[in-house]
Amino acid sequence: MTIGNALRQRQKPFLSFEFFPPSDPAHLPAFYATVDRLRAVNPLFASVTYGAGGKKQQNTLNVTTELVRRGYQVMAHLTCVGASPERITAFLDDLRAGGVTDVLALRGDPPAGDPNWDWNAGHFRHALDLVRFIRQQAPDMGVAVAGYPCPHPESPTFADDRHHLAAKIAAGADFVVTQLFFDVREYVDLVRGLRAQGFTTPVIPGILPIQSFESLRRVLSLCGANIPGKLYLQLEEADRQGGAEAVREAGLRFAVRQIRRLLDEGAPGIHLYTLNKADLCLRLRQETGL
Ligand code: FAD
């Protein structure tokens with residue numbers, strides 16, 4: 001059964017987890033220990049990221065296959081930037097052989113440091129092209145797409161970005177996983193816009209608990225999410241009072257409130273960006289009752 005089908009049957013809110021494949025094999029035992037601890041809380045599925053530009057795709061394949069073996073339902077991320085149809089087809093075949101049921105169809109970003117990347121040279125231009133391709137080549141597989149509560153940084157307007165998300169859904173995506181965000185109203189607005197167009201597709205919010213100022217800065221510079229002023233002031237105050245530990249605690253408290261509000265607004269479940277760490281995810285689960 002694909003994750004989309006599992007979502008349709010699901011009555012209660014759920015947790016799902018995003019992992020990234022460790023690049024150093026020496027880190028694999030600790031990684032799989034984390035994976036097993038989180039498996040014990042019965043998540044709906046786990047997703048595994050794909051190296052930028054398709055680099056290290058063997059790592060994604062190895063980790064997805066091992067997660068299936070360890071009892072997870074698994075969605076593999078897959079980017080199409082610079083990829084050939086043959087390479088995508090071979091990867092889908094390998095995923096299927098490893099028991100992976102679903103793919104998060106992404107465009108990806110051009111290689112870092114290549115300002116002259118020619119978007120029109122390759123077979124795939126947008127994630128939409130990959131959704132269509134997978135629907136044709138692998139109709140048995142589930143397909144999810146990325147959505148942006150705060151629009152994608154390249155989008156000239158909100159409306160543009162929402163229009164392109166709608167096109168990915170219309171092309172056959174089963175569900176949406178969002179980019180991380182901190183303002184619940186942005187998620188509510190995104191979902192309302194889709195519902196107003198008649199799409200009932202589940203939209204799973206992606207949540208990243210803030211762990212430090214340093215990680216917050218890195219994340220904001222990479223994905224362009226907005227941070228509410230009130231949250232920023234709370235983190236500053238926590239830093240003044242208790243340093244790094246207090247910032248982490250304030251980040252966790254904020255994530256708990258954010259998750260409760262999202263569930264209250266009808267989110268079907270929560271996709272946690274685990275950063276391959278179990279403790280924080282387990283505390284969030286305990287405090288939100290998910
Ligand atoms: P698209 O949907 O193609 O959108 C990209 C931009 O083009 C947007 O501005 C959109 O509005 C615009 N656009 C879309 N369609 C059209 C069209 N037909 N005409 C004109 N403009 C259009 N990256 C990785 O490398 N590996 C990962 O594992 C990974 N996982 C991710 C997981 C999630 C949940 C999210 C939200 C992002 C992830 N990313 C990952 C990052 C992602 O690859 C980048 O955000 C990338 O810049 C856009 O990918 P996309 O699939 O959203 O692209």
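## The ligand and its shell

Helix α6 gives the most to the shell around the ligand, with three residues. Helices here are DSSP runs of H or I with at least four residues, strands are runs of E with at least two, and both are numbered from the N terminus. This is a predicted model, in which local features need pLDDT of at least 70 and side-chain atom pairs count only at pLDDT 80 or more, while totals for chains, interfaces and linings use all residues. Residues are numbered from 1 along each chain as its sequence is written, and side-chain values use heavy atoms, with hydrogens and water left out.

The shell has 24 residues, and Asp109, Tyr148, His152, Asp161 and Lys168 come nearest to the ligand. A residue counts as near if one of its heavy atoms lies within 4 Å of the molecule. Sorted by class, the shell holds nine nonpolar, ten polar and five charged residues. In this sorting Ala, Val, Leu, Ile, Met, Phe, Trp, Tyr, Cys and Pro are nonpolar, Asp, Glu, Lys and Arg are charged, and the others, Gly among them, are polar.

## Atom pairs at the ligand

Which side chain has an N or O atom 2.7 Å from an oxygen atom of the ligand? That side chain belongs to Lys168. A side-chain N or O atom of His164 is 3.2 Å from a nitrogen atom of the ligand. At Ala127 the backbone takes part: one of its N or O atoms lies 2.9 Å from a ligand oxygen.

Taken alone, the ligand exposes 970 Å², and the protein buries 84% of that. Such areas come from the Shrake-Rupley method with a 1.4 Å probe; for residues, only the protein chains shown count as cover. The elements that give two or more residues to the shell are β3 (74–79), β4 (102–106), α6 (158–170) and β6 (175–178).

## Nonpolar cores

In soluble globular proteins, nonpolar side chains tend to be buried together. The largest nonpolar core in this model has 64 residues, of which Phe17, Phe19, Leu67, Tyr72, Leu92, Leu95 and Leu272 touch the most other members. A core is a set of buried Ala, Val, Leu, Ile, Met, Phe, Trp, Tyr and Cys residues joined through side-chain atoms within 4.5 Å. Buried means under 20% relative accessible area, exposed over 50%, and partly exposed in between (1.4 Å probe, protein chains only). Helix α7 (residues 184–196) supplies the largest share of this core, six residues. Apart from this core lies another, of 16 residues, including Ile210, Val219, Leu235 and Ala250.

Beyond residues up to four places away in sequence, Leu272 touches Leu15, Ser16, Phe17, Glu18, Ile207, Ile259, Cys281 and Leu284. Contact means heavy atoms within 4.5 Å.

## The loop between β9 and α10

Leu275 sits in the loop between β9 (269–273) and α10 (279–288), and Asn276 lies in the loop between β9 and α10 too. Most residues other than glycine have a negative phi. Leu275, however, has a positive phi near 50°, and Asn276 has one of about 60°. Are these residues buried or exposed? Leu275 counts as partly exposed because its relative accessibility is 37%, whereas Asn276 is buried, at 15%.

## Two buried residues

Phe133 lies in helix α5 (residues 127–137) and counts as buried because its relative accessibility is 9%. Leaving aside neighbours within four places in sequence, Phe133 is in contact with Pro85, Ile88, Thr89, Phe124 and Ala138. Phe133 and Thr89 are 44 residues apart in sequence, and their C-alpha atoms are 9.1 Å apart in space.

Gln211 lies in the loop between β8 (206–207) and α8 (213–223), and with a relative accessible area of 14% Gln211 is buried.

Definitions and conventions:
Polar contact = N/O pair within 3.5 Å; in protein donor to acceptor, adjacent residues only side chain to side chain.
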